[in-house]
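Today's notebook page is about how two parts of one chain meet.

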Amino acid sequence: MSGLIRLDSTWALDHIDAEEIDGEMREAALQFQLLVDRKGAGSEYTGWLDLPVDTPESVVARLEQVAATLREQSDVVVVCGVGGSYLGARAGVEFLEGVPSHLKTDSLPDILFAGNSLSSWQFRKLLDKLEGRRFSVVVISKSGTTLETAVAFHILRTELVRRFGTGEARKRIVAITDSQHGTLHDLARDEDLATFDLPRDVGGRYSVLTPVGLLPFAVAGLDIGSLLRGAAEQRAASLDSPPATNDALQYAVARRLLNASGKKIELLTSFEPCLHYVGEWWKQLFGESEGKDGKGVFPASAEFTTDLHSLGQFVQEGTRSLFETVVDVTAPAEVTFLCDADSPDGLAYLNGRNLSAMNHDARIGTLLAHHDGGVPVLQLTVPDVSESSFGAMVYFFEVACAVGGYMLGINPFDQPGVEAYKRNMFALLGKAGTEAEAVDIHSRLARHN
Ligand code: PA5
């Protein structure tokens, strides 16, 4: 069984030490077994491995029912969360916009995202968009203490109460949070809000296949059953394939060997803009999972052909520190280019071509050029723009990331470094209990002035 996502590393092989491949694949298989046996670092956060097959039908049914209510009562649904409580949901909603299930759902509300920055400018624009429109809020926070999300939710809840009154406002909020603890958990219980549990054994960036992603997808009219089945197919492929045909493990090994050859940056690219937020989610997944103890490949993303006109020069001829991973997804649409033979713009040679055929040739041309320029290129093929492909892609990257993290000797499920800025920010904002840090910060700032 090969799964839905396929890797082609032939355009990177000349940068990889061939003698290392077998040993690294054996090591990847060992680390994968450790992961599956729940014996590696952070094993208490590996519940995501079974989400595609363990999510009860009753949860899927309730997600669909709550989503239908939200659609019914809203012109806009604001999804409020940050990091792992945001990017996966946005990646799926944007990747899958326009698929058949999405299109055939009646009365789709706009889905807007909040709680992912502290920009008052951005928030003002969001409030302007909500003016005069019926809205509801899905608030997502595992800890319930994340400042960006908590502040945005507070403002939105106040606005709901002002507009609709306390009782109606309650019906317009769904909270996705820890099943037992936390500020948001307590608030949801005290205010009798509709809730979905975020499993305790699943960390933020691995939570797309929980209600964190599934509820926004259902609100968008997407088929979440199909999405989970795609993830389950990829899961079966990962679990059942020997290393030689296990594309997720091969991807983990290819990244590792390219890193060993001096490539410090991985540029995730695609020729379909609908993958933009998949790139954002992927950056968090790999960046937050691997970037520890001075290790890890720096994850960056670009959107081609757009960024060939900005970053293309660097990729082709700049510092030779990056490799590229192209996500190739079949996403054709009937847009035929018609042009008279004597058209003054000189485009007659393209007459009758589909735009996607042009995009294909741009991709192949770029592959050849970047390879010629000394950039190793990995190619990942995603079958189509569909719920099942999205589910498979999420699972594929999660497995590759976790195995790659174990091969690096780090815990891919924690994020201790993220706390550093928060400590400083809370001290500057005057949060109780941070007085000593505040004194220290102010004296450091004074020395800089
Ligand atoms: O991957 C992670 O754990 C983080 O990105 C968190 O998801 C993010 O910080 C948001 O945390 P929370 O869901 O607790 O608000």
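How many residue pairs are in polar contact between domain 1 and domain 2? I looked this up and found 15 residue pairs, both residues at pLDDT 80 or more; a polar contact is a pair of N or O atoms within 3.5 Å, where within protein one must be able to donate a hydrogen and the other to accept it, and residues adjacent in sequence count only if both atoms are side-chain atoms.

A note on the source: this is a predicted model, where local features need pLDDT of at least 70, side-chain atom pairs count only at pLDDT 80 or more, and totals for chains, interfaces and linings use all residues. Residues are numbered from 1 along each chain as its sequence is written, and side-chain values use heavy atoms, with hydrogens and water left out.

Next I checked the bounds, which come from an automatic or database domain assignment. Domain 1 is 6-41 + 228-408, and domain 2 is 49-225. I found their C-alpha centres 29 Å apart.

Then I looked at area. About 2,800 Å² is buried between the domains, 65% of it from carbon and sulfur atoms; this is the accessible area (1.4 Å probe) that two parts lose on being put together, summed over both. On the domain 1 side, L228, Y277 and E387 lose the most, together 29% of what that side buries.

Last, I counted three salt bridges between the domains, each a side-chain nitrogen of Lys or Arg within 4 Å of a carboxyl oxygen of Asp or Glu. I also noted that R38 and D50 form a salt bridge at 2.8 Å, N to O.
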